[in-house]
Amino acid sequence: MRSLPTFYYLSHFHEFLKFVMGPCEVLLSSADKQFIHDFMGLSKSQQCLIVRFINRKSIFVKPTSYTYEEVEDISANFKFLFQQRWFKPLESSKVSTFIEHLTKGEIIQIIDELNETGFTEKPALVYKKSQAKSILVTCILESSKLDAVVSSSVAQSYWQGNFETHISYFLYLYFGNFRSTLNQFSMRDLGVMRTRKEQAQVMARFADIDSAKSAFDLHSLYNELRAQRHPLNRSLILNNLESLPRPIGAKANELDAKVKFLLACELLKEDAIHAIDVLKTINTGVAQEKWAREAYKLGLTDEVETELNRMIDAPLSEDLLAFAEDFLARKYHKKRTSVLTDMLRENSQTLLIDEMHKGAVERGVVAYYEQRECKAYRTENEIWRALFGLYFWHEIYELEGLGLTNEFEHVPSSLKTNQFYELASVHIDMRLNSTDSKAKLIQQLSLSAATYYGQSNIIFRWRKNILERLILLINHSNLDALLSLLKAMTQDWKNLSDGFPDLMLIENERLRFEEVKSEGDQLRRNQLLSIQKLQSLGFDVRITNVNWTIDPMQPYAVVDIETTGGRAQHHRITEVGIVKMIGGEVVAQWQSLINPQRRIPQNITALTGINNNMVADAPLFAEVADAIDEFTNGCVFVAHNVNFDYGFIKEEFTRLERHYRRPKLCTVREMRKYYKGLPSYSLANLTRHFGIDMQRHHRAMSDAIAAGELLNMVNEKRLNNNKS
C-alpha cells in the first residue's frame with residue numbers, strides 16, 4: 001500500500017485552497033479572501049494545527065490533547081492562534097453539540113459539577129454511571145441547567161474553531177455538498193479512492209457569488225431542519241417559511257423547493273389547510289403530487305380535479321403525468337385499477353420456471369428462452385445507459401462548463417439538476433441530426449468506445465461485450481425510435497436513467513423487451529415510465545410474470561470432482577466427471593483427468609486412486625474450461641455437497657479471469673429434505689442404502705452417475721409434491 005509524506009494534510013489543504021482561490025475566486029467575499037490571506041501568513045506549524053483541526057469531525061478542540069510529533073511547540077502555537085482569534089472559548093449556542101462530542105466520563109464530570117452545592121439551583125440531576133452515554137446526554141440537554149455548562153471546568157478546557165463558516169463554504173464550493181471531507185485527497189493518494197481526473201474540467205460550479213452564497217445558505221438550512229431532534233411546532237414552521245431568503249440560481253431554487261416541502265410536510269401534522277397552501281406554491285412534481293393527495297383527503301375534490309387536468313395538459317415530468325392520469329382515473333372516473341395494473345394485464349404473459357432459479361429469476365427466464373433457441377440477454381438499464389453515455393460522451397464530459405467540476409465529482413451537475421438538454425441543446429441536436437443511418441450510429445458509438453474505453457464514469461459500466469450488445473439493439477430497432485429515446489433521456493435524465501426492462505430478446509429476427517416479475521414483485525413507477533416511453537416509440541415491451549414450478553425437462557449437469565485437497569483457493573482439481581440429464585435420462589457425459597500443476601498428496605492418492613503419473617499428461621483446466629462451460633450451459637449445477645464442487649469449478653474459472661455462474665442443487669440437502677431419518681447422507685452410504693450401483697467410489701464419473709440417481713429420486717418427490 002502507498003504511504004503518505006509527513007505533511008500530506010497540509011499539502012492537500014494548499015491544493016484545496018488553490019482551487020478555491022483559482023476557478024472559485026469570483027465566488028469569494030472580501031472576508032473569505034481575507035481568511036485565506038491570513039492563513040497563508042501563518043507559520044507552517046500554525047497552519048498544520050489549523051488543518052489538523054479542520055480534518056477532525058468536531059468543531060471543538062482540547063488543546064492539551066494535541067500530540068503531533070511533526071508540529072513544533074504545539075502549546076505556544078496554540079496560544080498564539082487563540083490570541084489571534086483563530087480559536088475561541090465555547091459559545092453557549094453550541095452547548096448541545098458540545099455535550100454530544102464529549103466522552104462519557106466528561107459528561108459525568110459536568111453533571112457532578114452542576115450538582116455541586118452553590119453551583120446552580122436544585123433539583124439535582126439524577127443519573128447512574130452505568131447508564132449509556134445517550135441517556136446521560138439527554139439528562140443534561142433536557143435540564144434547566146444547560147446554560148451553566150459553559151462555566152464547567154470541562155467546557156473551559158475546550159475551544160472551538162472561529163472559522164467554521166469559511167471552511168464549510170469552501171468545502172461546499174469544492175464538493176457541492178456537506179458530506180465530503182478533505183480526507184478524500186488522502187484516499188486518492190493512497191490509491192483507495194479512484195478519482196476522475198481525466199474528465200475533470202477544474203471549474204466553478206456556480207456562475208457568481210450571489211448564486212453560490214444563496215445555495216450554501218439554503219443547503220445549510222435544509223440540513224439543519226433535517227437534523228432537528230424534535231418536531232417543529234406550528235409557530236417555528238411559519239417563522240421559517242416567512243424568513244426564507246430569496247433563492248438565486250438553479251441550485252438555490254431546487255433547495256428552496258426542498259426546504260419548503262420539508263416544512264410543509266411538518267405543518268401538515270398541525271395545520272393541514274395552511275400546509276396544502278404552501279405545497280401548492282412549490283413547483284416540483286413531488287410537491288404537486290403531495291398537494292393533490294392531501295387536498296383530496298380534505299374534500300377539495302373539484303379543485304383537485306381541475307389541477308389534475310392541468311398537470312396532464314402541462315406536466316412537470318412524465319412521473320407527475322403518470323400520477324395525474326392514474327389518480328384522476330381511479331378517484332373520479334370510478335376506475336378500480338391503476339395504470340400499473342392495466343399494464344400488467346394488457347401486456348403480460350406468465351412463464352412457468354423451475355424453482356431452482358429462485359433468487360436469480362432473470363437468469364431462469366434467460367435459460368428458459370435459450371432452451372427454445374431464442375436469444376436472450378440481461379440488459380436492464382445497462383444497455384440504454386451505455387447507448388446514452390457513449391453517444392453523448394463529449395457533450396456530458398467535455399463541453400466547457402458542463403463536465404465534472406473536479407476529480408472527486410461523480411455526476412455532472414447538468415445531469416443531477418436535469419438541465420442537460422437545456423444547457424447543451426445546440427450540441428445535442430447537432431449530434432442527433434448528424435446520425436442519418438444505423439451504420440453512422442454504430443460508427444459514432446465505436447469511435448467513442450475506442451477513445452474513452454475504461455475511463456471512469458457514472459453513466460454505465462464498461463463491459464467487453466458492450467458494443468456487441470449495442471449493435472444488436474441498433475440493427476433490430478427503428479433508428480428514429482432510438483434517437484427519440486436518446487433525446488428524451490437528455491431532457492429527463494432523472495426519470496429515464498433507470499427502470500428499463502430486464503431482458504432483451506431476439507426471436508425470429510424480431511426484437512422485444514421483457515420486464516420479469518416473480519411472485520410478489522411489484523412494478524414500480526420508474527419502471528412504468530421507462531416502459532411506457534419505450535412502448536410509445538414502437539418498441540415491443542412485455543411484462544413476464546414468473547410462477548415457480550418443477551420443470552421435468554429442465555437440464556441438469558450432475559458434477560463430481562476430485563482434488564488435491566479440500567480448500568478451493570489453495571488446492572486444485574485432478575478430475576472432473578459430468579452427467580447431463582433431461583427428464584430423468586442421461587443424455588450426455590463428459591469426463592477428464594486434469595493436471596493440477598502440483599503434486600498430489602499420498603493420502604489423496606490413497607483415497608481416489610489418482611496419482612501424479614496419471615495426470616502428468618492430462619490437460620490443464622484452462623484447456624478444458626471452454627468444454628466445461630459449454631457442457632453445463634443452461635443447466636442446473638448438481639452435486640453431492642454442491643458448494644464443494646461448485647466452489648472449485650468457480651475458483652478455476654476465476655483464476656482464468658472468467659465468470660462462471662449456474663443455479664445450484666445439492667443432493668445432500670434435498671435427500672435430507674425428502675428422505676428423512678437416515679443414519680447417514682454420505683454418497684457411499686446413500687448408494688448402499690438404496691441399492692444404487694457404484695463402480696468406483698471417489699472417481700469423478702462414477703460418483704456423478706450415482707449422484708444423478710439420487711437426483712432422480714429427489715425430483716420424483718418434488719414432482720409428486722408439485723402435483724398435489
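Predicted model: local features only at pLDDT ≥ 70, side-chain atom pairs only at ≥ 80, totals over all residues.
Student: Okay, and which residue forms a salt bridge with Arg188?
Tutor: That's Glu15, and the closest N and O atoms of the two are 2.8 Å apart. The pair ties together parts that are 173 residues apart in sequence, because Glu15 sits in helix 1 (residues 8-21) and Arg188 in helix 10 (residues 183-190).
Student: What's the relative accessible area of Glu15?
Tutor: Glu15 has 30%, so Glu15 is partly exposed.
Student: Which residues are linked in a network of salt bridges with Glu15 and Arg188?
Tutor: Asp189 and Glu407 join Glu15 and Arg188 in that network.
Student: How many salt bridges does the structure hold?
Tutor: There are 36 of them in the structure.
Student: Give me another one. What does Glu106 meet in a salt bridge?
Tutor: Lys62, with an N to O distance of 3.4 Å between the side chains. This pair also links distant parts of the chain, 44 residues apart: Glu106 belongs to helix 6 (residues 104-115), while Lys62 is in the loop between strand 1 (60-61) and helix 4 (74-83).
Student: And is Glu106 buried or exposed?
Tutor: Buried, at 11% relative accessibility. Lys62, on the other hand, is partly exposed, and the relative accessible area there is 25%.
Student: Now a local one. Where do Glu254 and Lys258 lie?
Tutor: Both are in helix 13 (residues 250-267), and they are 4 residues apart, about one turn of the helix.
Student: Switching to helix packing. At what angle do helix 20 and helix 26 pack?
Tutor: About 80°, with the axes 11 Å apart; helix 20 covers residues 382-391 and helix 26 covers residues 479-491. The two helices are therefore roughly perpendicular to each other.
Student: Which residues meet there?
Tutor: From helix 20 you have Trp384, Leu387, Phe388 and Tyr391, and from helix 26 Leu482, Leu483, Leu485, Leu486, Met489 and Thr490. Sorted by class, that contact has 9 nonpolar residues, 1 polar and no charged ones.
Student: What about helix 31 and helix 32, at what angle do they pack?
Tutor: Those pack at about 115°, and their axes are 10 Å apart; the ranges are residues 621-632 for helix 31 and residues 642-655 for helix 32. Helix 31 passes helix 32 in a left-handed crossing. On the helix 31 side the contact uses Phe621, Ala625, Ile628 and Asp629, and on the helix 32 side Ile649, Glu652 and Phe653.
Student: How many charged residues has that contact of helix 31 with helix 32?
Tutor: It has 2 charged residues, along with 5 nonpolar and no polar ones.
Student: Backbone check. What's phi of Asn641?
Tutor: Near 70°, a positive value in a residue other than glycine. Asn641 is in the loop between strand 12 (636-639) and helix 32, and Asn641 counts as partly exposed at 43% relative accessibility.
Student: And phi of Glu373?
Tutor: Also positive, near 60°, again in a residue other than glycine. Glu373 sits in the loop between helix 19 (361-371) and strand 5 (375-378), and at 76% relative accessibility Glu373 counts as exposed.
Student: Zooming out, how many helices and strands does the protein chain have?
Tutor: It has 35 helices and 13 strands. Its C-alpha atoms fill a box of roughly 90 × 70 × 55 Å along the principal axes.
Student: What share of the 724 residues is buried?
Tutor: Buried residues make up 49%. And taking contacts between residues at least 6 apart in sequence, 71% join residues at least 24 apart.

Key:
Residues numbered from 1 in each chain as written. Heavy atoms only, no water. Axes fitted to C-alpha atoms, helices over the stretch in contact; angles between N-to-C directions. Parallel < 35°, antiparallel > 145°, perpendicular 65-115°, else oblique. Contact = heavy atoms within 4.5 Å. Nonpolar A, V, L, I, M, F, W, Y, C, P; charged D, E, K, R; others polar. Salt bridge = Lys/Arg side-chain N within 4 Å of Asp/Glu carboxyl O. Buried < 20%, exposed > 50% of the residue type's maximum accessible area, 1.4 Å probe, protein only. Left-handed = near helix turned anticlockwise from the far one by under 90°.
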